[in-house]
Amino acid sequence: MQLTVWTYEGPPHVGAMRVATAMEGVHYVLHAPQGDTYADLLFTMIERRKKRPPVTYTTFQARDLGSDTAEIFKTAASEAFDRFKPQAMLVGASCTAELIQDDPGGLARALNLPIPVVPLELPSYQRKENWGASETFYRLVRTLAGPSAPPPGTPRAERKPGQRPRCNLLGPTALGFRHRDDVTEITDLLGLLDIDVSVVAPLGAAPADIARLGEADFNIVLYPEIAETAARWLERAFGQPTVKTVPIGISATREFVVEVAKLADVDPMPVLSGQRSRLPWYSRSIDSTYLTAKRVFIFGDATHAVAAARVADEELGFTVVGLGTYAREFARNVRAAAETYGVEPLITDDYLQVEAKIAELQPELVLGTQMERHIAKRLGIPCAVISAPVHVQDFPARYSPQMGFEGANVLFDTWVHPLTMGLEEHLLTMFREDFEFHDDAGPSHLPPAAGDVGAGPADARPDDPIGWAPEAEQELKKVPFFVRGKARRNTERFAQDMGVATITVDTLYDAKAHFGR
């Protein structure tokens, strides 16, 4: 465990909360001190949920450590059952309570509650949030669906003639990045293939729904970080095959449709033959040729980072200059993808390392988490959020999936709009010498201020450590204003590295060649 100002993932009990909050009829009793109740705000403030998470905290205090904290837990669990009448109960300890070793699972079993009780062993000092969500979902599935599993080796029954294929959508949780809209998009896409969705879990599922997961013909894992472990168990226990293609981007969505259609024994062509997304044409249109070779740095959870790299490279013509993840359990996938693009993978949960890498690479676009949004803002680089952790603005009121054909439209808009497009740059260049729009002009809607030369914030440089020759300053003004600040910073950094005291025109172009390699 590392002390830090920012963190990509919370402790594993937050992952368990994400599963419990997503479901119906499940209550989580968490052995925790008073300070650990902060996690409620993640759901009520950031995700804008209308009700508190279904969590009861024991909230023991320092003075309780000298008495029977086990009795405090038993009382809290018993009162939670009487008050909330859950259909199933999760029990566990937070990172602080883990140290006193009260064994919440054993204490809950001793209460003999008339509902399934799922004990969670979540090692807070070795694992993190996504692993906690995955382990919680897996334990719930084993506990609730296990009793209906057939004996090992039993062949699956054939689907009845005329019956539509059925599948489960696994992985969406509370506090997930666009999970709500992804489920809607993929459900609609499956409907076009005449495939029914039997259960979506954990999001919106009740314990009875988990118990009937084995009735579906196959499973679709939308978010491997959450559902891969449970899906593997379902495959062993019920013989259910798993669709592993994550449908983010046009190419991946088409591959997903083919894989699903093969498992369901249906014709994919009605879906594949139509053009259901604007991304392919938009990325080939005249103005979008300006996107070609834009240098992009990508960081997030493994699923979204790898998918984003493919979309950026194959569908938008970007050049991937950096790729990484904070999810060490899925580092192998990111390393394999990074090798494809010829870049060094960045596997870290230290945001300072990520910031240093972005500053070193100086990309033209950053695709990342809420962390990278802050980093890119400080460095003056355009950014779009593609992965959790996210903030309140990434739970929009509008329909905004990341998956499927409509998700591809959202990706195009989200990633391209922060950039300055070719036509815009052309117009800025055309009117550079115009009396109203030239570089030294102030805002056209305001009266000129005394001594205001209109340099603008991008040109502000109160304490330049390196001097600029007048002809170099004039040459720099030929660079469009929206990248001039970056050009200045790169040139000064190059001059500093080369030991140049005064930047000339030659230095400016040497720096351009250096960073353009």
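Q: Why is Asp194 called partly exposed?
A: Its relative accessibility is 43%. Buried means under 20% relative accessible area, exposed over 50%, and partly exposed in between (1.4 Å probe, protein chains only). Asp194 therefore counts as partly exposed. This is a predicted model: local features need pLDDT of at least 70, side-chain atom pairs count only at pLDDT 80 or more, and totals for chains, interfaces and linings use all residues. Residues are numbered from 1 along each chain as its sequence is written, and side-chain values use heavy atoms, with hydrogens and water left out.

Q: What makes Asp194 and Arg164 a salt bridge?
A: The closest N and O atoms of the pair are 3.3 Å apart. A salt bridge is a side-chain nitrogen of Lys or Arg within 4 Å of a carboxyl oxygen of Asp or Glu. Asp194 and Arg164 form one. The pair links distant parts of the chain, 30 residues apart. Asp194 is in the loop between helix 6 (179-192) and strand 6 (196-201). Arg164 is in the loop between helix 5 (129-145) and strand 5 (166-170). Helices (H or I, at least four residues) and strands (E, at least two) are DSSP runs, numbered from the N terminus.

Q: How do you know that Asp196 forms a salt bridge with Arg164?
A: Their closest N and O atoms are 2.9 Å apart. Asp196 lies in strand 6 and Arg164 in the loop between helix 5 and strand 5, so this pair ties together parts 32 residues apart in sequence.

Q: Why do Asp196 and Arg164 count as partly exposed?
A: Asp196 has 30% relative accessibility, so it counts as partly exposed. Arg164 has a relative accessible area of 35%, so it is partly exposed.

Q: What separates Glu360 and Lys357 in helix 14?
A: They are 3 residues apart in helix 14 (residues 351-361), so about one helical turn separates them. Glu360 is partly exposed because its relative accessibility is 49%. Lys357 is partly exposed because its value is 24%.

Q: Which residues do salt bridges that share partners join into one network?
A: Lys128, Arg328 and Asp349. By the salt-bridge rule, the count comes to 23.

Q: What makes the link between the side chains of Arg373 and Asp394 a polar contact?
A: The distance is 3.3 Å. A polar contact is a pair of N or O atoms within 3.5 Å; within protein, one must be able to donate a hydrogen and the other to accept it, and residues adjacent in sequence count only if both atoms are side-chain atoms. The two side chains make such a contact. Arg373 sits in helix 15 (residues 370-379). At 22% relative accessibility, Arg373 therefore counts as partly exposed.

Q: Which residues does Arg373 touch, not counting those up to four places away in sequence?
A: Cys383, Val385, Gln393 and Asp394. Contact means heavy atoms within 4.5 Å.

Q: How do you know that strand 9 and strand 10 pair?
A: Two strands pair if DSSP finds at least two bridges between them. Here 6 bridges join strand 9 (residues 295-300) to strand 10 (residues 319-325), which run parallel. Arg295 stands opposite Thr319 in strand 10.
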